[in-house]
Structure formats: C-alpha cells, structure tokens
Amino acid sequence: MAETREEETVSAEASGFSDLSDSEFLEFLDLEDAQESNALVNMPGPSSESLGKDDKPISLQNWKRGLDILSPMERFHLKYLYVTDLATQNWCELQTAYGKELPGFLAPEKAAVLDTGASIHLARELELHDLVTVPVTTKEDAWAIKFLNILLMIPALQSEGHIREFPVFGEVEGVLLVGVIDELHYTAKGELELAELKTRRRPMLPLEAQKKKDCFQVSLYKYIFDAMVQGKVTPASLIHHTKLCPEKPLGPSVLRHARKGGFSVKSLGDLMELVFLSLTLSDLPVIDILKIEYIHQETATVLGTEIVAFEEKEVRAKVQHYMAYWMGHREPQGVDVEEAWKCRTCTYADICEWRKGSGVLGSTLGPQAKKAK
C-alpha cells in the first residue's frame with residue numbers, strides 16, 4: 001500500500017483523506033480531573049480581536065458580517081467535509097464553526113497528544129504492510145494514490161481478511177463526505193467488522209459525551225462504506241464536488257507506482273473506472289459490526305471496547321441536522337445547558353457568544369439563516 005506525501009505545490013486538502021481518526025483532541029475536553037479542568041478555565045483564549053488567516057486582526061462582528069449571504073461551505077471554500085467534521089459537531093457545533101474560522105488556536109499540548117495518537121495508528125498500520133512514499137504535484141495525483149490504495153486493499157481484505165486505513169467517500173445530503181476507516185477485518189463467523197482505535201491520555205474510559213461522538217463517527221463510516229460497495233456512490237458525484245479533471249494525465253511517479261501494482265492506466269479517469277468496478281464487482285459485503293477500542297497511550301493497555309448498534313434512521317436524522325448548518329440553512333448551535341461543562345476547556349470560551357448569551361447567539365454572531373430550498 002502507498003502513502004501520499006504531498007509536495008509543497010499541493011495543499012493538504014488535495015489528498016482528500018486527511019481525516020482525523022482519533023479522539024485525542026476531544027479528550028482534553030473531558031473533565032477527567034476537576035482540578036486540572038478548573039485550572040484550564042483560567043487559561044487565556046483568543047480575544048474578541050483575533051488574528052485571521054491573513055494574520056490581520058479580525059473582530060467577531062467582521063467575522064460574521066455577510067454570513068447571511070454565504071453558507072459555511074462557501075465561506076470556508078470547502079469542496080467536501082470530513083467525517084470528523086460532523087463527529088465534532090456532535091460534541092459542540094459552535095466549537096466546530098470557530099475552529100474553521102480561527103484554526104490557529106490549537107494548544108501545543110493538544111497538538112502533542114494528536115501526534116502521539118497518529119504515531120500509534122502508524123505503528124499498527126505497519127504491522128500489516130510497508131508504506132511507500134509517492135511524490136505528487138497535482139490534486140489528481142493525490143487522489144490517484146488513494147484510488148490505487150483502494151484497488152490494492154480490496155483483494156487484500158478478501159484474501160487475508162484484514163486491512164487498515166481504508167479510504168471512504170460518498171455524497172450525503174448533497175455534500176461529499178470523506179474519511180479513513182482505521183481497520184476492517186473478517187471475524188471467525190465471516191462477518192465484516194469495523195474496528196476504530198481511540199487512544200487515551202489517561203488510563204480511563206471517556207465520558208458518555210465522548211463515546212456518543214465516537215459512536216456517531218463509526219456509524220458514518222459504515223453508512224458511507226455500505227453505499228460504496230452497493231454502487232450508490234458515482235464517479236460523476238465525486239468529480240462534481242472535488243472539481244477533479246479525470247482526463248488529466250497522471251504524473252510519472254504515480255504512473256510508475258501504478259505499473260508496479262499491475263495497473264495500466266494513464267489518467268485519473270482510468271483509475272476511477274477501475275475503482276468503482278472493483279467496489280461493486282468484488283462481492284464486498286456491508287459492514288456487520290462496529291467496534292471502538294480505547295487504549296492508553298503510554299502503556300498501550302486496552303481500557304475497554306464498545307460495540308455500536310447502527311441505527312440508520314437516527315444517523316440520517318443527525319446528518320440532515322448537521323448539514324443544514326454547513327449549507328447555511330440555520331445558525332450554528334452551542335451545547336445544551338446540561339453540557340455547559342464542556343466550555344471550561346474550550347479554546348474559544350472567551351469569545352463564544354453562545355456562552356455569553358446563556359445559550360442564545362448574539363446579534364454579532366448569529367446571521368440570518370438561509371431558507372432551505
């Protein structure tokens with residue numbers, strides 16, 4: 001299997017699958033230790049006059065001005081969303097909105113925990129296969145590498161019964177969602193099981209609020225994967241959302257890697273055709289079991305596992321609600337009063353209009369929501 005390392009000319013978005021698949025960031029939002037949490041309350045956060053993406057001061061009023069015209073998808077120039085974008089909405093939607101507008105406030109300790117989790121995921125991936133670096137120069141090349149990985153993983157799953165880091169993508173409620181499944185394997189009974197690894201900084205299971213977010217995440221993975229193998233995801237939809245050029249010739253590095261894998265292709269369109277045929281004709285089943293495994297980062301001790309019951313009606317209802325925000329049909333919402341404890345460790349607590357207004361968006365933060373078409 002290959003891993004893409006994008007050159008400077010390619011944006012992080014170009015790979016299409018930079019989905020965070022771990023829970024370390026939100027672990028800092030758990031009230032695992034009252035003393036530590038209370039200390040974090042007094043830590044300085046972004047002020048009401050923060051730096052924007054161009055390093056110029058941006059006020060909350062300027063931030064929200066004009067959002068009654070642009071949807072979040074348009075304002076943030078998003079071609080698609082990651083599964084974890086919707087999963088974090090399950091924790092706090094307003095925090096997700098602040099994170100898109102003011103992405104530079106990730107505390108160093110939180111970044112360090114994310115790096116540790118990524119290292120654990122990488123170690124597990126290397127247990128099954130080596131990683132090959134393939135330089136790319138275009139977004140078509142970057143997506144081609146992901147398609148090649150899918151083409152290699154499908155027969156590996158069928159023959160060896162076990163793969164890791166499987167890319168998924170599909171249109172949900174008019175928006176393209178992409179992500180990466182930690183692990184797929186067949187059980188002794190022949191059932192296809194999705195296993196999601198979550199690392200914990202402390203040797204204890206997360207709070208129910210965190211588990212709820214994690215359960216929604218794996219349910220979304222199943223929803224998209226099942227649609228892929230059932231032929232419900234189309235090349236036309238993918239091209240429409242990503243603005244990829246299927247006729248564009250692939251770069252020499254990608255072509256060499258494709259030949260090594262036994263694929264005679266010239267363009268991204270050639271690979272897409274192979275991928276969609278492979279997904280629908282290889283007899284891949286839908287996912288039968290959803291499992292979340294929580295482990296302690298330092299000791300690698302398994303803290304516990306959760307078997308998630310997939311409720312399609314509930315998943316669809318949540319997705320419709322969350323997508324309404326991204327499409328500009330409603331305002332972002334903060335947490336309910338019962339979960340206001342989440343605000344204590346939120347990076348954006350000092351500027352949050354929802355928090356200041358006791359659960360009501362202030363006029364400077366809440367634009368007129370677009371009317372659903």
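Guide: Let's start with E314. This is a predicted model. E314 has a relative accessibility of 44%, so E314 counts as partly exposed.

Visitor: And K318, buried or exposed?

Guide: Buried. K318 has 19% relative accessibility, and the cut-off for buried is under 20%.

Visitor: What do the side chains of K318 and E314 do?

Guide: They meet in a salt bridge, at 3.6 Å from N to O. Both residues sit in helix α13. They are four residues apart, about one turn of the helix.

Visitor: Which residues do salt bridges with shared partners join into one network?

Guide: E196, K198, K213 and D214.

Visitor: How many salt bridges does the structure hold?

Guide: The count is 15.

Visitor: Which residue does E208 form a salt bridge with?

Guide: K211. The closest N and O atoms are 3.6 Å apart. E208 and K211 both lie in helix α9, residues 208-229. Their spacing is three residues, about one turn of the helix.

Visitor: Why does E208 count as exposed?

Guide: Because its relative accessibility is 57%, and exposed means over 50%. K211 is buried, with a relative accessible area of 11%.

Visitor: What about R330, which residue does its side chain meet in a salt bridge?

Guide: E93, at 2.6 Å from N to O. This pair links distant parts of the chain, 237 residues apart. R330 is in the loop between α13 (312-326) and α14 (353-356). E93 belongs to helix α6, residues 93-101.

Visitor: Are R330 and E93 buried or exposed?

Guide: R330 is buried, and E93 is buried too.

Visitor: Switching to packing. At what angle do α8 and α12 cross?

Guide: Roughly 30°. The axes of α8 (residues 139-160) and α12 (residues 268-281) come within 10 Å. Angles under 35 degrees count as roughly parallel, so α8 and α12 are roughly parallel to each other.

Visitor: Left-handed or right-handed crossing of α8 and α12?

Guide: Left-handed.

Visitor: Which residues meet there, between α8 and α12?

Guide: From α8: E140, W143, A144, F147, L148, I150, L151 and I154. From α12: L268, L271, M272, L274, V275, S278 and L279.

Note on methods:
Residues are numbered from 1 along each chain as its sequence is written. This is a predicted model: local features need pLDDT of at least 70, side-chain atom pairs count only at pLDDT 80 or more; totals for chains, interfaces and linings use all residues. Side-chain values use heavy atoms; hydrogens and water are left out. Axes are lines fitted to C-alpha atoms, for helices over the stretch in contact, and angles run from 0 to 180 degrees between N-to-C directions. Helices (H or I, at least four residues) and strands (E, at least two) are DSSP runs, numbered from the N terminus. Angles under 35 degrees count as roughly parallel, over 145 as roughly antiparallel, 65 to 115 as roughly perpendicular and the rest as oblique. A crossing is left-handed if the near helix is turned anticlockwise from the far one by less than a right angle, and right-handed if clockwise. Contact means heavy atoms within 4.5 Å. A salt bridge is a side-chain nitrogen of Lys or Arg within 4 Å of a carboxyl oxygen of Asp or Glu. Buried means under 20% relative accessible area, exposed over 50%, partly exposed in between (1.4 Å probe, protein chains only).
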